[in-house]
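Here is a short report for a reader new to this structure. Keep the sequence and the 3D view at hand while reading.

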Amino acid sequence: MTMIAPSLLAADFSAMGEQLRRVQQAEAVHIDIMDGNFVPNLSMGPQMVEALRPQSSQIFDVHLMLLHPLPYVPVFRKAGADWLTFHVECADDPERVLRAIEESGAKPGMALKPATPAEALYPYGERLHCVTVMTVEPGFGGQKLMEAPLEKIRQLKERFPHLVVEVDGGVNEETAPLVRQAGADLLVAGTAVFRAERPAEAMARLRGE
Ligand code: DX5
Ligand code: ZN
């Protein structure tokens, strides 16, 4: 079954605890962390993760869009991250970042910008729990899904069948069938879930139920 991880980026920031309760049926909660360097936007920091942790027993899937993720690995783990994903295009040595995540006890993930080939993850795939295939340029919610990156799902699943492959960016009711067909295990969806009147029903539709 396809898992859904609503992205808090599209939630109402004035009432995050409440927003979390609107998506109780989700398998995971996707938390986007931006530094104004790796991406041209700022979002939230470890304090938000820490404040939300006691409010939910769901998986916290933390997506680090940071130029220098290395020093922040223990910080976000301590704040309550279950899965920690960083970008292979970051400025730190991916091997060192991955080792830091392994040592932290979080489940490691790596993300690919739309133009980065799947091969960039081949040296690490065996050690990863999840991979995030970005279908928009990271930085903002509410963008249109690019189809070309979906091809990477098949490549990654063929080589590393154990991986949880996430698709992040522009997933909505219209694009979800395509993304499921491409083999994604988990759909990240911000706008499509939080802007819906009934998030539970929106998530069911994204799953194809
Ligand atoms: C973009 C983020 C996404 C974003 C998805 O940089 O990584 O998680 O919030 O938002 P939607 O679903 O609105 O495209
Ligand atoms: Zn994300």
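## Zinc site and its surroundings

Asp32 is buried, at a relative accessible area of 4%. The model is a predicted one. Asp168 is buried as well, with 8% relative accessibility. Both residues belong to the zinc site. The protein donors of the zinc ion (ligand 2) are His30 (NE2), Asp32 (OD), His63 (ND1) and Asp168 (OD). These donors lie 2.1 to 2.2 Å from the zinc ion. Along the sequence, the donor residues follow the spacing H-x1-D-x30-H-x104-D. Distant parts of the chain are linked here: Asp32 sits in strand E2 (residues 28-34), Asp168 in strand E7 (residues 164-168), and the two are 136 residues apart.

What is the geometry of the site of the zinc ion (ligand 2)? The site is octahedral, with six donor atoms and angles of 69 to 170° among them.

## Nonpolar cores

The largest nonpolar core has 58 residues. Leu8, Ile31, Leu84 and Leu206 touch the most other members. Helix H4 (residues 94-104) gives the largest share of this core, four residues. A separate core has seven residues, including Ala5, Ala28, Trp83 and Val164. In soluble globular proteins, nonpolar side chains tend to be buried together.

Take Leu84 as an example. Leaving aside residues up to four places away in sequence, Leu84 touches Val62, Leu64, Val73, Phe76, Arg77, Ile101, Ala106, Lys107, Pro108 and Gly109.

## Rings and charges

How many aromatic pairs does the structure hold? There is one. Tyr122 and Phe160 form this pair, and it is edge-to-face. Tyr122 lies in the loop between strand E5 (107-112) and strand E6 (130-134), while Phe160 lies in the loop between helix H5 (151-159) and E7, so the pair ties together parts that are 38 residues apart in sequence.

Phe160 is buried, at 4%.

The table lists two cases.

| Charged residue | Ring residue | Distance to ring centre |
|---|---|---|
| Lys113 | Phe38 | 5.1 Å |
| Arg159 | Tyr122 | 4.0 Å |

How values were computed:
Residues are numbered from 1 along each chain as its sequence is written. Chains are lettered from A and ligands numbered from 1 in the order in which they are written. This is a predicted model: local features need pLDDT of at least 70, side-chain atom pairs count only at pLDDT 80 or more; totals for chains, interfaces and linings use all residues. Side-chain values use heavy atoms; hydrogens and water are left out. A nonpolar core is a set of buried Ala, Val, Leu, Ile, Met, Phe, Trp, Tyr and Cys residues joined through side-chain atoms within 4.5 Å. Buried means under 20% relative accessible area, exposed over 50%, partly exposed in between (1.4 Å probe, protein chains only). Contact means heavy atoms within 4.5 Å. Donors are N, O and S atoms within 2.8 Å of the metal (3.2 Å for Na, K and Ca); water is not among the atoms, so sites may look incomplete. Four donors count as tetrahedral if all angles lie between 85 and 135 degrees; four count as square planar and six as octahedral if opposite donors are over 155 degrees apart and all others between 65 and 115; anything else is irregular. Rings of Phe, Tyr and Trp (its six-membered ring) pair if their centres lie within 6.5 Å; planes under 30 degrees apart count as stacked, over 60 as edge-to-face and the rest as tilted. A charge sits over a ring if NZ of Lys or CZ of Arg is within 6 Å of the ring centre and within 35 degrees of the ring normal.
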